[in-house]
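Biologist: Could you take me through one part of this model up close, and then show me how the other parts are put together? I'd like it in one go, with the cut-offs spelled out as you use them.

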Amino acid sequence: MIRIKEFKEPQHNLKSEKFVNPKKLILPLCQHTGRPSTPCVKIKDEVEEGQLLAKEDGFISAQLHSPSKGKILNISNFNHPVLQKGNAIVVLCSPEKKSYSLRKHIDDLGNDEIVDIIKNNGIVGMGGAGFPSHVKLQPPKKIDTLLINGCECEPFLSTDHRLMIENLKEIFIGIEIIAKLIKPKRIVFALEENKTEEKKQINFYINTRKFKLPKTELIILKTAYPQGGEKQLIYAVTKQKVPGGKLPLDIGCLVHNVATCFAIYEAVYLNKPLIERLVSFCGDSLVKPKNVWVKIGTTLQELFDQKILEFINEPKKIISGGPMMGITLTNLEYPILKGNGGFLFLRNHVTEIKESACIRCARCIDVCPMNLLPQEYVKRVKNEEYNNLVDLNIKDCIECGCCAYICPAQLPIVHYIKTGKVYVPKN
Ligand code: SF4
Ligand code: SF4
C-alpha cells in the first residue's frame, strides 16, 4: 500500500448540491456486474419517475428505472464510461417531480420481502463494481463480520465523506436492514484517520442503542491506498487474508460501502429505486469542484450546458473515477452510472509519461497490496509470453495502480496487466 496526496479539498468540506432538471437521460442497460438488463419499454412510451425501464436478466443482474417522468426517445448504442459503447435507453425528461413517503409497517416485513424490495429497486454496490446487492444479501455461508466501508481512499473523491456528514442516520438504518438480513456476529464501521468530522457522530449512533445492531465498533485506520479495496479492508480490520480466487464470504466477511447502505435505506423505507446518486466533480480545470446529487443517466455535457459545472481551463484529461483506478474519457458525452462516484477534469496534474526500461528495483513488488510480481507481468506481456501468467496469479490483480505510481521507469504497468488478462483463460 502507498501514501498519496489526497487532493480532497475544497469539495470535502462543501455541502452537497442537487441537480434535478436534466433535459435528457441516457441509461445504459449494463450498469452493474452481471448480465445487462432487458428493456420493457419501447420508443415513444410515456414513463413516470421510478417506473421500471429494463428488467434484470438472471440472478446476477439488476433492474433499471426511469430517474424522471418523460418519454422514451430512443433505445440504441451510446457511449459507456466503462465499456466504451453499450445499449442504452434515452429518456426525454419532463420537469414534474415525484415525492417519496415513508413506507408503513416496516417491522412486519419478512427477510425475503426485504430482499425482493432491494432487488426490485435495482440496488447495486455503489463503491464502483456495481455488484447487485440482493445477491450479496443472500450469502450461502454464515457471515461473522459485516464491514461498513467508509474509507474512500481514492484521491479527490469525497462523496462517502459528505454522505456520512449529511445522511448518517439513514446510513445506519441501511446497516440495520443489512444486519437483520445476514445476522452477523459483529459489525465494524471502518474509517480512515483523515475523516475526523464524522467520527463523533458515528460513535454516537453506535452507542445510542437506537438501532437494532449486534456488537458494533468504529475502527480508524491509517490513511493509505488502496485501503478501501474489499480484501485490503478485511485484512486491515481482521488480519485475515481472502485467499486468491475466493470471496470475502469464504472467510465469513461481507463488505458494504456506506453509499450502498444509504441506497438500501431509500429502497426499503421510501420504496425509491436507485435513480440518483452523489457524485464528486473535481480537478484543477473546474471553477468550483463540488459534490452534486445527480440523476443516473445525466451526461457530463448537460452539467456544463446548465452551468452546474464550469471550466476554468481546458482539461488535458477527463477521468471517470479516481486518478488511480479511473478510466480516461475522450469527451463529455458520457452518462453517469449507478457506480460512478466521481469524475476528474485535470490539467496541471497531468504530466507527460517518459517510459524507460525496468531497472529491477522491486519497488512495484514492495507496494503491491496483493503480493504479486508486477514487473514479471510487464516482462512477459512485452515478450508476448502469456502462457504462465495464470501461475503468476495475474487474475488476483485488483488494478489498483500502486505499482505504476511508484515505478521510477514510469512503466504503465496496469496497462500491461490489463493486456495480459485478455490473454488469460477465463476459468
Ligand atoms: S518498479 Fe518499475 S522499474 Fe522497478 S522493478 Fe517494478 S517495473 Fe521495474
Ligand atoms: S500488480 Fe495489480 S494489485 Fe499489485 S500493485 Fe499493481 S495494480 Fe495493484
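Modeller: Let's start with strand β9, residues 145-149: four of its five residues are buried, so β9 is largely enclosed by the rest of the structure. Buried here means 20 or more other C-beta atoms within 10 Å of a residue's own, against 12 or fewer for exposed and partly exposed in between, with C-beta atoms placed from the backbone. Strands are DSSP runs of E of at least two residues, helices are runs of H or I of at least four, and both are numbered from the N terminus.

Bear in mind that this is a predicted model: local features need pLDDT of at least 70, side-chain atom pairs count only at pLDDT 80 or more, and totals for chains, interfaces and linings use all residues. Residues are numbered from 1 along each chain as its sequence is written, while chains are lettered from A and ligands numbered from 1 in the order in which they are written.

Back to β9 and its partners. Two strands count as paired if DSSP finds at least two bridges between them. β9 runs parallel to β10 (residues 186-192), with five bridges joining them, and asparagine 149 sits opposite alanine 190 of β10. With β12 (residues 253-257) the pairing is again in the parallel sense, over five bridges; there, threonine 145 has cysteine 253 as its bridge partner.

Those strands turn up again around helix α6 (residues 230-238). Its buried residues are Glu230, Lys231, Gln232, Leu233, Ile234 and Ala236, and their cover includes β9, β10, β11 (215-221) and β12.

Now for some antiparallel pairing. β8 (residues 84-93) is joined to β7 (residues 70-80) by 10 bridges, and a hairpin links β7 to β8 through three residues. Asparagine 77 has asparagine 87 in β8 as its bridge partner. β8 also runs antiparallel to β2 (residues 24-28), over five bridges, where isoleucine 26 stands opposite valine 90.

There's also an open sheet of three strands, ordered β3-β5-β6 and paired antiparallel. β3 (38-39) and β6 (64-65) are its edge strands, each pairing on one side only. Two bridges tie β3 to β5 (residues 52-55), and proline 39 is partnered with alanine 54 in β5.

On to the ligands. A residue is near a molecule if its C-beta atom, placed from the backbone, lies within 6 Å of it. Ligand 1 has 16 residues around it, the closest being Cys358, Cys361, Cys364, Gln375 and Cys407. α9 (363-367) and α10 (374-382) each supply at least two residues of that shell, with α10 giving the most, three. By class the shell around ligand 1 has 13 nonpolar, one polar and two charged residues; Ala, Val, Leu, Ile, Met, Phe, Trp, Tyr, Cys and Pro count as nonpolar, Asp, Glu, Lys and Arg as charged, and the others, Gly among them, as polar.

Ligand 2 also has 16 residues around it, and Cys368, Cys397, Cys400, Cys402 and Cys403 come nearest. The elements giving two or more residues to this shell are α11 (402-406) and α12 (413-422). α12 has the largest share of the ligand 2 shell, three residues, and by class the shell divides into 14 nonpolar, one polar and one charged.

Key: Contact = placed C-beta atoms within 7 Å.
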